[in-house]
Amino acid sequence: MLSLREVSISYDGVPAVEEVSLDLPDGQVLAVLGPSGSGKSTLLRAVAGLEDVTGGAVVWDGRDLAGVPTHRRGFALMFQDGQLFHHLSVARNVGYALRLRRVPRAQAARRVEELLELVGLSGYGERLPGTLSGGERQRVALARSLAVEPRLLLLDEPLSALDAGLRERLAGDLREILRAAGTTALLVTHDHEEAFAVADRLAVLREGRLVQEGAIGQVWRSPADTATALFLGYARVLTGPAAALVVEAAGLPDAPALAVRRSALSVDPAGALAGTVRAARDTPGQVRLVVDVAGVGEVDAVAGLERPPAPGEAVRLRVDPGRVAAIPG
Amino acid sequence: MRVPSGPGAPRGRQAPRGRAGLGRLLTLAALAVVPVLALGLFFVVPVSGMLARGLVVDGVVDPGAVLEVLGRPRVHRVLWFTAWSASAATALAVLLGLPAAYVLYRLDLPLRRLLRALLLVPFVLPTVVVGVAFKQLLRESGPLGFLGLEESAVAIVLGLAFFNVSVVIRVVGGAWESLDPRPGEAAAALGASPRQVFRTVTLPALRPAIVSAASVVFLFCASGFGVVLTLGGLRWSTVETEIYLLTTNLLDLQAAAALSILQLVVVSVLLALSARLRAVPGGASRVVARPRPVRRGDWPWLGATAVLLVYVGAPIATLVAGSLRVDGAWSLGNYRALGTAGSEQALLVPVTEALANSVRVAVDATWMALLLGGLVALVVTRRSRGRAERRVRGALDAFFMLPLGVSAVTVGFGFLVTLGRGPVDLRDSALLVPIAQALVALPLVVRTLAPVLAGIDDRQRQAAASLGAGPLRTLVTVDLPVVWKPLLAAAGFAFAVSLGEFGATSFLAREDRPTVPVVIFRLIGHPGAMNYGMALAASVVLAATTALVMLAVERLRVGSVGAF
Amino acid sequence: MVLSTHARSAVLTGLAVLATSVLGGCSLTGSSSEDEASAGNDPVVLVTHDSFSLPDELVSDFEERTGLSLEVRPSGDAGTLTNKLVLTKDDPTGDVAFGVDNTFASRALAEGVFASYAPELPEGAEAHELPGDEDDLLTPVDTGAVCLNVDDTWYAERDQAPPRTLEDLTRPAYRDQLVLPGAATSSPGMAFLLTTIARFGEEWPDYWRELLGNGARLTGGWSDAYQAEFTQGGGKGDRPIVLSYDSSPAFTVSGGTSSTSALLDTCFEQVEYAGVLAGADNPEGAEQVVDFLLSDEVQAALPESMYVFPVSSQVELPAAWAKHAPRPEQTWEVDPADIDANRDDWLRDWNDLVSR
């Protein structure tokens, strides 16, 4: 099990990570989510042994890893752009760590073939990295990282460099592959979709500090604060009387602030809130509205495609309690 | 859910630095210790010894005397001329070297390997021999006499650039060869003309290499004193010729020390400037690009390269022609005479034996320069964590360039006054000559390797480490495949420096085993047509040997190292 | 197949490295196998300049006869050698030095570089003893006069009389015809400066101004002047008057006559000395080396080995020397004490006068 105990990291006295404590049980996938500059990559590099911690400790199974160099940690690191060795073929890239461990040739070849199959690249062994597409390169990088059955796999925005469709597909594959291999993994990303698609647990990092950590659904349902809610993909955060109005409409216990997803309010003649449509825009599944709700102000809402309201029309809105989250003071 | 500690929570204990950090620093120190010790013993100690002799008068340091020397109008003139001639020569070398670097490293031309090898030849030719060739071309009755350049400052600049243009071609060519062509292609796709692509994409990417080469060339020019004496007559003085005069003739160590300090200060400022200019944000990705066929748009480059070839080729051709003349007729007599140590001539040993001596010294100088230079390049290009570490690396980088900028006379005499003390008398060591040469070649090795090492994405090394590769393995897997070719080029450079070096080592007591340059100097230092012819022939032999070694280096294609 | 190419290039590399190392004798600057012959012999170290050279047979005869092993350490020119000896006088790098000349001798004496030794001089050598050397610190070994040389064929072709005296050189008829190495960077150049000082006294700077005004060209070293600029030098230059030695005409002989001659009224005598170094590890050996340099064999070998005249009149000169290199009857002289007192000032003044 990986444990971070009050880990702090600073560059020239400027703190990049401050007193972060986390636990990652074996077999789980933890996503560290944070905007750029939040210190998440620094944290990952510290776990890999590429950065020194200036305070606290990185601990594996109770043992402090300070002083253990990267190559002795047994943590495989996979970069955003793969960092394949350009002069080595795909098979030699994947088999790199096996050769380091002097795995017998035939056995290594078998393992490489298995891994290539696992990542869906059977028969690519003799190609050079330069001839592969971005997605293929990431798959090779993944296979290379998995080859040694690392006790921990570190993923640095593994899908960010890929285009949207490929990313979605590969995210699913990645999850499957990690599950299948039973790999413990630490993923850092700025993309909450990527985090949701791959991870079991989520830790949110902001300005070097851990603001929230927990099972993915739990974090999702109750973001720790406004900024976290927005970062997790909530469209707006309402406060004061506006929040009280919506909370009441949703039938939830009182809360000082409420994070609202874009689809939390929907047009429903029986809805508790009333407002005037300011703008409407068609999307494939629904119509997106901006509605001026009395006592709340402008909010996002959705309507079905069958009878979309026009701007200027008065509508009633229903609140879906599953798509809002109360935020503690 | 864990509660993160807020701003009000007590601060966790701040460990001074992890053991890993300490280990890193220790590794850095361990890598740097050998080169630093070598440079300390064979450069810092001798130079400070000489400075101390000059500055400490009757046990008291007298800074006023230094200021007095530096205030002399003559010193100002000399300093100005040194800076002017070295700058002009550096500019000329870069201007001529860039097109040739492009043509010889980027285009698929027949004979380009041979040309690359030949262009290194000036580097090893003895100054005095080239001086004669230049004068034959430039004097009033010569083919270029109409230019009126004889004994002019322009002749000095031409001579300095002649000797150093190969540095630009090699260093820049090496960087150009491995430049990723895609950004250029992208720019072209965005509508940039070839000229705009060059100015906006290629040139910025080459800047570190160009600055590297230019700073080395500048130092060579500013401290190259043979060329100034030979081509300028005595009308022109540089800081280097002044120090030579003050030390070897007047024994005015005080003034010499003042000038040496001036040299050190100027060189340090220059190095700091060039380090700043060399820094590129992000670092360039490197690929092995295939040379491409010549296109129509290449003709300006080819034209400029042709000019360079004539410029470098004409003095060499004059020299070769001279070596083939005996009593006004074409003959191989001069070459035959080199085979025997006849009593008629001033030949000390058959030139074959001198060549063997030269190669022996050069092998030693080369491995020393590669070992030290490789370590230095590694140390200075590793990514720094923190400003202090970056500063230390930057300072180390500049430190190893210093020997180029400091007078060989000062270092040579410094050896004598300092290395006699201590447990062994190093002054008589036969290794002193290769060590001195290795120090001269060291900056070239570092400057050849460092840009390439710095261009490697550090995450490649991290990827290897995270897969379980130790530092050595990482070096072999990630660094070596990329740096292998430049390493060979650097070896060639060091070898050539050693083969041709005479000035610096002539101050060192050496074993009485004459090298080729010693034989050449001796031959040309005495009257008689045969002596002169043989000096030219020996120079041609030296040049041909260098060219052959370079050609062999060029032919070695070892792309598979590291693919274990 | 890929692997075989790899293997081949690896083998190639290996061979190349091997070849270079073998060529370099697996270096560390070679094993000193040649010293084994004289192994066990008492070493004696001779510190000298770059021009030192003696036939191998003579050296091995000497080593056999004395049981010494002679190590020669050449470096730099006479000036470098002298200053090196001065700088290392407390901890000399050898036992005996050869090559300090009469323009530098007084500095070495004043600094106490040498120890006394008065060997038996061969006939004719007394004339070359260093004036003012009361303690017998230096022993004359060879001599040669620095004189202007002219290209007689060049003048014959133009029906012009070559110059004869120093004054001639400032006449318009000889405009742009002289080339000479500088006093600051070459020892014959220094000798010529002393010649003009001996001839013109305090007025020497005026003479030099006239000389330069008449188109005299200065070069760094002797080779730059003689080989590159002199009409009879290897580079076939365009200056028919050059500063060289009285022996030089012996090297331009073709068809029984020399195409050049030395102007014997413009000569300055240079004498090279040997001396035992104060604080030598092997003073007895050092003395034997001095004796060796005075021996008939070495004296006779000097012209062809080092292009200088022997101090001994007992030995025969090579035929070409005897015929084509007449020695000046009189030379210009400057008292070594004067040289010692003024050389730095003279050189500085001269340097300011000739350089920009």
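Biologist: Which residues of α14(B) meet residues of α20(B)?

Modeller: Two residues are in contact if their C-beta atoms, placed from the backbone, lie within 7 Å. Here B:Ser358, B:Val361, B:Ala362, B:Ala365, B:Thr366, B:Ala369, B:Leu370 and B:Gly373 in α14(B) meet, on the side of α20(B), B:Ala490, B:Ala491, B:Ala494, B:Phe495, B:Ser498 and B:Leu499. By class, this contact of α14(B) with α20(B) has 10 nonpolar, four polar and no charged residues, where Ala, Val, Leu, Ile, Met, Phe, Trp, Tyr, Cys and Pro count as nonpolar, Asp, Glu, Lys and Arg as charged, and the others, Gly among them, as polar. This is a predicted model, in which local features need pLDDT of at least 70, side-chain atom pairs count only at pLDDT 80 or more, and totals for chains, interfaces and linings use all residues. Residues are numbered from 1 along each chain as its sequence is written, while chains are lettered from A and ligands numbered from 1 in the order in which they are written.

Biologist: At what angle do the axes of α14 and α20 of chain B cross?

Modeller: Two packed helices are described by the angle between their axes and the distance between the axes. The axes, lines fitted to C-alpha atoms over the stretch in contact, with angles from 0 to 180 degrees between N-to-C directions, come within 8 Å and cross at roughly 135° for α14 (residues 351–381) and α20 (residues 471–500) of chain B. That makes α14(B) oblique to α20(B), since angles under 35 degrees count as roughly parallel, over 145 as roughly antiparallel, 65 to 115 as roughly perpendicular and the rest as oblique.

Biologist: How many residues does each of chain C and chain B give to their contact?

Modeller: Chain C gives 64 residues and chain B gives 61 residues. The side of chain C that touches chain B divides into 19 nonpolar, 33 polar and 12 charged residues.

How values were computed: Helices (H or I, at least four residues) and strands (E, at least two) are DSSP runs, numbered from the N terminus.
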